[in-house]
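Subject: Structure handover

Hi,

Here is the structure I promised you. Please open it first, then read my notes below.

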Amino acid sequence: MQGIRSRGNLQNLIPIAVVVVGGCEPCAEKMVTQALAQGSSWQDVDETLRILADMQKRQCVIQALGPGTIARMEKPLAAGRRTLMQLKPENAPAVGCGCS
């Protein structure tokens, strides 16, 4: 089954989403660190944070969660991103738009 791989161990990635939506910066840092320690790849954690940031901008999510919850997500997302960048392995590819 070449080409198929586990997508980030959901049991490690879903807690990141929960604490970000809950607005907890220290918890976001802890969950990112824990996900990596428990075997989720740097890329999968990065993708999780990117998905959360994208969802935060969607009008349906803003309506469903309310602007207060959306605003509370900012600092935990930044904390999770900061922690992830600090833990970035040397061999992880740079993530960007690809135009240089």
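Which residues in α2 are buried? Ala28, Met31, Val32 and Ala35 are. Buried means under 20% relative accessible area, exposed over 50%, and partly exposed in between (1.4 Å probe, protein chains only).

Some ground rules. This is a predicted model: local features need pLDDT of at least 70, side-chain atom pairs count only at pLDDT 80 or more, and totals for chains, interfaces and linings use all residues. Residues are numbered from 1 along each chain as its sequence is written, and side-chain values use heavy atoms, leaving out hydrogens and water.

Back to α2. Helices are DSSP runs (H or I, at least four residues), numbered from the N terminus.

What do the buried residues of α2 pack against? They pack against α1 (10-22), α3 (42-57) and α6 (74-86). Contact means heavy atoms within 4.5 Å. Just after α2, Gly39 takes a positive phi of about 105°.

Now α1 and α3. Their axes come within 10 Å and cross at roughly 35°. Axes are lines fitted to C-alpha atoms, for helices over the stretch in contact, and angles run from 0 to 180 degrees between N-to-C directions. From α1, the contact uses Leu13, Ile16, Ala17 and Val20. From α3 come Asp44, Val45, Thr48, Leu49 and Leu52.

Best wishes

Notes: Helix = DSSP H or I, 4+ residues; strand = E, 2+ residues; numbered from the N terminus.
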